[in-house]
Every structure is written in structure tokens, then in C-alpha cells.
Amino acid sequence: MAAANSNSQIDPNSGFCSETKIFHRLRPSFTLPPPSQPLSVTQFAFSLLHSNTTNISETPFLINAGNGHRVTFFDFLHQTKSLAFSLQKVYSLSKGDVAFILSPNSLQIPSLYFSLLSLGVIIAPANPDDSISELTHQIQLSRPSIVFATSHTSHKVPPNLRTVLIDLPEFPSLLTSNSISCNTGIENISDIAVVNQSDVAAILFSSGTTGRNKGVLLTHRNFIAVMAANNATYPFRDTQVVSMTTRALFRAFGLTSLMRAAIIGETLLFPETFELEATLEAVDKYKVTYIPVSPSFIVAMVKSDLTNYNLSSLRILLCGGAPLGHNVSDNFREKFPNIEIINGYGLTETTAIGASTKCQLGSVGGLRLSALLEAKIVDPVTGEILSPGQRGELWLRGPNVMKGYLGDEKATAEVLDSDGWLKTGDLCYFDFDGSLFILDRLKEMIKCNGYQVVPAELEHLLLSNSDIVDAAVVPYPDEDAGQIPMAFVVRKQGITITETQVMDFIAKQVGPYKKIQRLAFIDSIPKSVTGRILRRELVNYGLSDTTTVAEL
């Protein structure tokens, strides 16, 4: 990566260039491989692993928290190389083929991913909990030549597709059928297929919060850039780190977390469930160093009695998926002073990296732009490029930005311009110190009496109430105002706080147009696997005549 821009027009405090109106990174830069160099994700990952670790023979890479089964780095390297040769020989897979993968997290998935990527095969991992209709759409979109599934998910796959079941004995035999020394490096695999960094590595399906799933095309270069960034900024070099994947490996964040663990030499723990108590029990048992979480997980930690668990090993929570309110952050720091929260922002379209920062006591949520990216704030109506302190849509550009949407040139052109700028759809602003503030999705703004109401602001206020476990705010149609804020609230167990009490609690803290004017109590807030609130579902429920939606 090029050195930081030294243009005199760039404000050293904010990174803002008054001439181009571009915000530049304030983090130290680092070097990426030349784009023209043939290089696969697997080659780059294994080269970093060998440079970062000296003894891989006994170091565990993967652990199943439920049964304690584990895979060492030595075994992982051997299995990946053996499987790559087996896939090429037995199934005739070659560069450019698409492999659709339908499986929950398992110890076999990492070797499957890395072996396919080493061959130049495009991985298309999908959510095994998706409906047959959703998966049929994804399969029609990606046109795979092979499917890797399990005996529990294969019934969702069309019978005409060649399918390999990874939980049957035949598949593990492919992991060990070739006698290859992991000390020989990955070069012998590169002899099978020459992979260019510009080649597509993965098709990741968007969470669908704004409509039908899109296939996000991510290249080897995209993942290489993220791995290089993770390697350059890694905070732990003095100990063997145990991290936990609470995000599915079929999503961008879970996939990049796997790659980070692979290049650094981390031990990656796969939990049985993502429930709070089960997660913290695993932290206690396996001495986990850090875990990625959603804001609702942090809220639950703040409001729960966790005296039964030893959390002394836990040093960092990486929080993403939605903005984290500063009240929640402050309450967490007071209760857990030895655990840092790193608040992160990223999209599938940016290979899960965008901006991040440590949440300090009393902070209000500002993030620092990744060293991979540069940014603009653009007025979504006029197209004017805005200055620090002004709110608009965040645009991002960098080597981790996607190639486009599979088979959808119109959707690609709507979000990715000819200069490589990605229109994120997020309402944001930079302050004069270069901190980025994520306010909400532009499409989720509530337009009340000509004012714009940010749902996340009201949600943060609701979560500051000790009687409320979770909350979401959506627009509700109103003849006079256009739209009014409607809240869905999850009460703490055993608490009988009323609709009027909740509304009054908010009314005392906001202007008249921000008041919650309709409310429903609910058992849980529907969310995607990445932690985003599924507002469209709540809008549909809100349009019903009921005022209490306990059955959802």
C-alpha cells in the first residue's frame, strides 16, 4: 500500500482534503503484494502463518467447544493440501468452478475453504437455515458445479446437482489420502492452478435486509488486503490467543475471522450455541481471549448476573452489526473494567472491514477509518461532497471493496461508480478529529413532519432503561405526519413496565417529533445472523391492528 498522502491540503487532525473533499486514513500504512503478482488467498495466508509461527506441530488451530475435538495447525496444513489434490483428482474441480457450501460451522470447513481457494475454485457458502426457496435462488444465481452439504442439509439441494456430504466417512478420507508434508509450503498446490489476485474468490450472499439476496463478488485481492491489514494491526503478539467464532463462516465477518486466525496462529473455538451463558461457559473453560459479538450481547452482559463465570482471560469484545450506544458502552466498562470493547463497522461489500475503535469510558461512538480505505460523505439528494460535521451517505474506496454483484449489473452500478467508490447506504459524518459516526441506514430513516428521525438513537435510549432487554424502532404510516416512530420492546423477565411508562421515558429525553407514538411489547427482536435488526419484518407486524405482539 502506498504511503500516507502528504498533500498539504490534508488536515492532519481529520484526514480531510479540502481540495478533493476526501477523508484519508489516519492509521499507519502497510505494504500489499503487487496486484499483478499471481497469488491466491491460500498461498498468502500460509506464507504469513509460516512467518508468524515457529512451532505448529502441537498448537491447536480449531476446537469444537461441545465435544473438545481439535485440529492442530500441522493437521490443518496437511488436510488442506491433501484435500486440494483430492478435489482436483477425484472431482475434476478447476479454476473458475463454483462450489456451493451448505453446512453449519464445523472443523472440516476451514480446510475445505482453503483447499478450494488454492485451486481457484470460487466458494459460495450459504446459510443452512435458509429456506429451500432462498437457497434455490442462490443456487440459480451462482450456478455451482458441485455442492458440499451435510446429511442434515442435503434435502435442500436440487437432486440434479453433484453433492458431497462432508459429515460422512468418505469426506474425511479425502483430507488424509495424499502423503504431503506441510513443511514443503503451498507452492506445490500453485503448480495445479495459477490464481490471479483479480480472480473471484467467493460469492457471499447478502443478508437480505433490504430485499432478495444478492451475490457479492469478492476477489482474492480483497481477502489478501484484509489479511494484510489484520496482520499489520494484530494486538496480541506475546501469548497464544484463543478466539471464538460466534459468527457463521458463511458470512464475511466469520470468514475473515477464520483467515485472521489462520495467518496469526490463533486457536479458534467453535461454540455449540451462541447463547449468552453457553458462550461465557466456553470462555471460562477454554480461556478465550476475545470474541466477536453484537450490541445485544453486550446489553445482555450488562444486565445479567455473571458471577458464576471466570472471565479473567477475556480481554476484548469486537462489537459490530449495528451501532453501540455510548450509555451501554459506559455501563459495560463500569461492570467489566478489564475487558475492552472494540466497536467495528464493515459490510460484506467491503470484505467486513470499514472502521473501528476502542470504546473508551464516556465516548460517543466515533470510529477510525481503516488503513485500507478512503472515504467521502455525500449528500444523498444533491450529490454534493460534504465536509467534517455534515451528515450524508458514506462512500468508501479501497482494495477490500467488492468487484460487484453477481449477475446484476444494474444493482452494481447503483452502488459502485466508475472510480471505485462504494455507496454504503449508511447515514454518517466525520467530526473534525477524523472520527466516523455511523447513525443509521438511509432507507431506515423515519420521516416525521418533515424531520428525519434516526431509529438507532431511540433504540439506544430505550436500552438505557434497566427494565428493557432489547428494542427496535421502525416507521409507522400516519396521515398527518407521514410517518411516526413505533417501538418494539422486549421487557426484562418479571417486569411489568407499561406502554405509557416507556413512552414517557423517551418523551422526557427527545424533541416532540422524536417521541415514540406507538409501541408493541414483543418476546424477541428478529435479527439476521450478523446481528442486524430485520426491520421489514417488524414493519409488517406494526401494520397489524394489535398493540402487543408476544407471539413473534
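Modeller: Let us begin with a definition. A polar contact is a pair of N or O atoms within 3.5 Å; within protein, one of the two must be able to donate a hydrogen and the other to accept it. Please keep in mind throughout that this is a predicted model.

Biologist: Which atoms come together in this way at the start of α7?

Modeller: A side-chain oxygen of Thr-219 lies within 3.3 Å of the backbone nitrogen of Arg-221, at the start of α7.

Biologist: How many residues of α7 are buried?

Modeller: A residue is called buried when its relative accessible area is under 20%, exposed when it is over 50%, and partly exposed in between. In α7, 12 of the 14 residues are buried, and the helix is mostly covered. The buried residues include His-220, Arg-221, Phe-223 and Asn-231. Ala-232, also in helix α7, has 47% relative accessibility and therefore counts as partly exposed. The C-alpha atom of Ala-232 is separated by 25 Å from that of Phe-270, which is 38 residues away along the chain.

Biologist: Against which elements do the buried residues of α7 pack?

Modeller: They pack against the helices α1 (41-52), α3 (109-118) and α8 (252-264), and against the strands β7 (200-205) and β8 (215-219). Just after α3, Gly-120 takes a positive phi of about 80°.

Biologist: Which residues have a positive phi although they are not glycine?

Modeller: Lys-21 is one of them, with a phi of about 65°. Lys-21 sits in the segment before α1 and, at 27% relative accessibility, counts as partly exposed. Ala-352 is another, at about 75°. Ala-352 belongs to the loop between β13 (340-345) and β14 (355-358), and its relative accessible area of 16% means that it is buried.

Biologist: What is the order of strands in the open sheet of four strands?

Modeller: The order is β16-β17-β19-β20, and the pairing is antiparallel. Because β16 (374-378) and β20 (436-441) stand at the edges, each has a single partner strand, and one side of each is left without a neighbour in the sheet. Direction ignored, neighbouring strands of this sheet are turned by 45° against each other on average. Within the sheet, β17 (residues 392-397) and β19 (residues 422-430) pair in the antiparallel sense over four bridges. In one of these, Glu-393 has Leu-427 of β19 as its bridge partner.

Biologist: Which way do the side chains of a strand point?

Modeller: In a regular strand they alternate between the two faces of the sheet. In β25, Arg-518, Ala-520 and Ile-522 point one way, whereas Leu-519 and Phe-521 point the other way. Strand β25 (residues 518-522) is mostly covered, since five of its five residues are buried.

Biologist: With which strand does β25 pair, and in what sense?

Modeller: It pairs in the parallel sense, over four bridges, with strand β24 (residues 482-491). Met-486 has Arg-518 of β25 as its bridge partner. Together with helix α14 (residues 499-507), β24 and β25 make a right-handed β-α-β unit.

Key
Residues are numbered from 1 along each chain as its sequence is written. This is a predicted model: local features need pLDDT of at least 70, side-chain atom pairs count only at pLDDT 80 or more; totals for chains, interfaces and linings use all residues. Side-chain values use heavy atoms; hydrogens and water are left out. Buried means under 20% relative accessible area, exposed over 50%, partly exposed in between (1.4 Å probe, protein chains only). Helices (H or I, at least four residues) and strands (E, at least two) are DSSP runs, numbered from the N terminus. Contact means heavy atoms within 4.5 Å. Two strands pair if DSSP finds at least two bridges between them. Axes are lines fitted to C-alpha atoms, for helices over the stretch in contact, and angles run from 0 to 180 degrees between N-to-C directions. A crossover is right-handed if, with the strands pointing away from the viewer, the path from the first strand over the helix to the second runs clockwise.
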